[in-house]
Amino acid sequence: MDTICNENFDDMKREFPTSTDTFDKEGRPVGTLDVSQWNIRNAVITGRAQRLLRYTNMLMEHVTRQVLEMQKNKLNVTQWTVVMNAEGVNMINHGCRACIQIWVQFMTSMDNHYPEWLHEFIAIDAPLTTYTIVRILQPFLFRHTREHMRLFGTDSQNWRRYLDSKISRDQRSEVYGGNKKSTY
């Protein structure tokens with residue numbers, strides 16, 4: 001993990017858009033995952049499942065290092081947040097049996113390697129499939145993670161209102177109801 005943030009993940013960034021350049025109103029780093037564009041099944045069948053998991057671990061390591069840097073600068077920040085755009089999540093590309101194994105490994109890696117670093121895991125624009133996947137994952141998650149997950153359906157007024165209370169619009173790209181230019 002010492003060198004993971006120095007590895008080249010350009011191939012993953014194109015297929016699995018994410019960013020770590022957002023901060024909430026309390027100054028916590030926010031990692032965004034535009035899962036609407038992810039095809040986890042394709043990563044599995046093309047032999048890139050472990051690469052995808054390494055990539056997600058790099059993202060968690062990156063936001064953790066952001067927190068540590070802030071602490072070094074005497075800022076009172078101890079956690080990070082994840083916001084996931086779940087628009088279009090489906091059982092074929094996101095919820096197949098092999099995909100579920102990827103989700104389990106991602107979430108258990110977060111729990112095992114970054115326990116209680118998570119402030120909130122917010123899924124927006126989530127179709128019913130997202131709720132099904134989360135129900136399948138729940139037995140594998142630490143209580144802290146389960147209690148800090150927020151799922152918002154496709155009613156954009158509802159999730160925008162919630163995100164507005166947590167993260168300024170100038171910190172969020174349009175996908176997340178903001179006005180910041182997307183970095184992907």
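What you see is an open sheet of five strands in the order β1-β2-β3-β4-β5, with mixed pairing. Two strands count as paired if DSSP finds at least two bridges between them; strands (E, at least two residues) and helices (H or I, at least four) are DSSP runs numbered from the N terminus. On average, neighbouring strands are turned by 20 degrees against each other, direction ignored.

A word on the source: this is a predicted model, where local features need pLDDT of at least 70 and side-chain atom pairs count only at pLDDT 80 or more, while totals for chains, interfaces and linings use all residues. Residues are numbered from 1 along each chain as its sequence is written, and side-chain values use heavy atoms, leaving out hydrogens and water.

Back to the sheet: β2 (residues 29-34) runs parallel to β3, joined by five bridges.

Helix α4 lies across β2, β3, β4 and β5, at about 155 degrees to β4. Such angles run from 0 to 180 degrees between N-to-C directions, with axes fitted to C-alpha atoms, for helices over the stretch in contact (heavy atoms within 4.5 Å).

Now the largest nonpolar core: 45 residues, with W80 and F121 having the most contacts inside it. Such a core joins buried Ala, Val, Leu, Ile, Met, Phe, Trp, Tyr and Cys residues through side-chain atoms within 4.5 Å, buried being under 20% relative accessible area with a 1.4 Å probe, protein chains only. α3 gives the largest share, ten residues.

Definitions and conventions:
Buried < 20%, exposed > 50% of the residue type's maximum accessible area, 1.4 Å probe, protein only.
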